[in-house]
Amino acid sequence: MTERSSRVDIAIIGAGPVGMTLALALAGGPYSVMLIDSRRRGAWETDPRALALSHGSRQLLEHLGAWNAGAGTPIRSIHVSQRTGFGRTVIDADDYDLPALGYVMRYRELAATLDARIDPAHLLNECAMIGLTTGGEAAEIRLAGDGVEHCVAAQLVVHAEGTPGDEADVRVSDYRQHAVVAEVRPVPGHAHRAWERFTPEGPLALLPLGQDYSVVFTVPPDKARQLLALDEPPFLAALRVQFGGRLDFVASGARASFPLALRVRRQVSASRQVWIGNAAQSLHPVSGQGFNLGLRDAWELAEALLGETGGDAGAAGTLASYARGRRLDRQGSMAFTDGIVRLFSNDLAPLRCARGLGLQALDLFPPLRHFVARRMIWGARAWL
């Protein structure tokens with residue numbers, strides 16, 4: 001096997017949207033950067049997933065010149081309610097003088113926009129990591145791909161792909177729920193309104209995407225298997241039932257499902273290593289917080305590194321400062337999503353009443369509603 005060696009200041013493992021965002025945020029700075037990915041370049045071209053991007057994420061991407069205005073469907077209002085209970089509220093972009101609360105975009109569209117701004121000279125594709133050694137003045141990464149073994153020495157290794165594993169440092173909470181995802185055609189059109197409907201089995205979200213809705217239907221595993229097995233008409237009927245006849249649907253695309261768990265790495269930095277995005281925390285999809293949190297990870301890590309004057313990208317003090325700075329946003333996002341799931345995914349009468357009162361309070365007291373909305377749009381920065 002042929003061997004090759006190289007040296008960079010920062011090696012980013014994972015050339016997905018979070019890894020590419022970090023690379024672009026560092027571009028033009030004092031550090032040499034290499035993006036390493038086990039997939040071929042452009043592997044995301046057939047990815048069917050949809051992403052919910054907050055307005056704050058749009059601002060971040062615009063700053064990097066990586067916002068594709070034509071690819072995102074605006075969310076101008078969000079209707080929040082619960083099934084088998086009273087209470088509802090509506091969050092509207094006009095209340096915040098914003099063009100939209102957020103946007104729904106296909107993963108492949110965002111990846112393509114970011115990728116177009118990446119210098120190919122900084123990419124190493126189709127190379128899987130087979131070893132990592134840290135310590136001293138640099139970490140050493142061993143990679144293998146296409147008959148070549150690469151050895152990359154880096155002051156800092158950024159893990160920007162995958163999810164937290166089963167190490168002792170990782171906290172795992174299984175929600176015992178699966179998310180069934182699909183795209184459905186509503187009648188009449190969605191008018192750029194998103195819906196978050198809480199049911200005893202789990203939250204149901206409808207996000208406007210083009211002329212359709214991207215559906216995230218959270219249910220117990222057995223119910224997920226049943227929904228996947230349904231023909232199109234009974235699947236659409238199941239959606240109608242959940243919304244109490246408020247919405248109608250005439251067509252559905254392919255369906256898929258995946259299990260849901262909260263997986264959190266307690267320490268996001270170690271000797272010459274740092275974890276961002278899903279590699280640091282994997283959240284429940286309710287309220288669409290996880291991906292936006294990952295983009296903020298990338299942005300604030302770049303700020304911390306570019307503010308370092310010592311020239312060592314992997315300096316322990318810099319990484320510790322970054323980890324401290326992310327604590328409020330990470331913990332707030334985890335508590336927000338986890339609390340919503342646990343509060344709403346049951347049919348206990350006292351809690352059903354409390355939820356209804358809470359939703360009514362959001363509707364009747366604008367400052368409380370604004371507090372929640374700003375948290376969803378900007379993360380913890382909304383409070384600073």
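E126 lies in the loop between β8 (123–124) and β9; here and below, helices (H or I, at least four residues) and strands (E, at least two) are DSSP runs, numbered from the N terminus. The phi angle of E126 is near 55 degrees, a positive value in a residue other than glycine. The structure is a predicted model, in which local features need pLDDT of at least 70 and side-chain atom pairs count only at pLDDT 80 or more, while totals for chains, interfaces and linings use all residues. Residues are numbered from 1 along each chain as its sequence is written, and side-chain values use heavy atoms, with hydrogens and water left out.

R272 also is not a glycine, and has a positive phi of about 60 degrees. This arginine is placed in the loop between β18 (269–270) and β19 (273–275). R272 is buried, with a relative accessible area of 9%; buried means under 20% relative accessible area, exposed means over 50%, and partly exposed lies in between (1.4 Å probe, protein chains only).

Strand β9 (residues 128–133) and strand β10 (residues 139–145) run antiparallel and are joined by five bridges; two strands pair if DSSP finds at least two bridges between them. Across this pairing, T133 stands opposite E140 in β10. The two strands form a hairpin with five residues between them, and G135 in the turn has a positive phi of about 125 degrees.

## Strand β13 and its partners

Six of the seven residues of β13 are buried, so this strand is largely enclosed by the rest of the structure. Strand β5 (residues 77–82) runs parallel to β13 and is joined to it by six bridges, with W195 in β13 as the bridge partner of H79. Strand β14 (residues 202–209) runs antiparallel to β13, and five bridges join the two. Here E196 has A205 in β14 as its bridge partner, and a hairpin of two residues leads from β13 to β14.

The loop between β12 (170–187) and β13 (193–199) contains P188. The peptide bond that joins V187 and P188 is cis, with omega about -10 degrees.

## The three-stranded sheet

Three strands form an open sheet in the order β3-β7-β4, and their pairing is antiparallel. The edge strands, β3 (50–54) and β4 (73–75), each pair on one side only. From one strand to the next, the twist averages 30 degrees. Between β3 and strand β7 (residues 102–106), which run antiparallel, there are five bridges; L53 has Y103 in β7 as its bridge partner.

## Helix α2 and its surroundings

In helix α2 (residues 55–63), the buried residues are H55, G56, S57, R58, L60 and L61. These buried residues pack against α1, β3, β7, α3, α6 (290–306) and α9, where contact means heavy atoms within 4.5 Å.

## Packing of α1 with α3

The axes of helix α1 (residues 17–26) and helix α3 (residues 107–115) come within 10 Å and cross at roughly 25 degrees. Axes are lines fitted to C-alpha atoms, for helices over the stretch in contact, and angles run from 0 to 180 degrees between N-to-C directions. The helices α1 and α3 are therefore roughly parallel to each other; angles under 35 degrees count as roughly parallel, over 145 as roughly antiparallel, 65 to 115 as roughly perpendicular and the rest as oblique.

P17, M20, T21 and L24 of α1 make the contact with Y107, L110, A111, L114 and D115 of α3. The residues of this contact comprise seven nonpolar, one polar and one charged. Ala, Val, Leu, Ile, Met, Phe, Trp, Tyr, Cys and Pro count as nonpolar, Asp, Glu, Lys and Arg as charged, and the others, Gly among them, as polar.

## Packing of α7 with α9

Helix α7 (residues 316–344) and helix α9 (residues 366–378) pack at an angle of about 120 degrees, and their axes are 11 Å apart. The two helices α7 and α9 are therefore oblique to each other. On the α7 side, D329, G332, S333 and F336 meet V372, R375 and M376 in α9. This contact has three nonpolar, two polar and two charged residues.

R374 also lies in helix α9. This residue is partly exposed, with a relative accessible area of 35%. R374 and Y96 are 278 residues apart along the chain, and their C-alpha atoms are separated by 8.9 Å.
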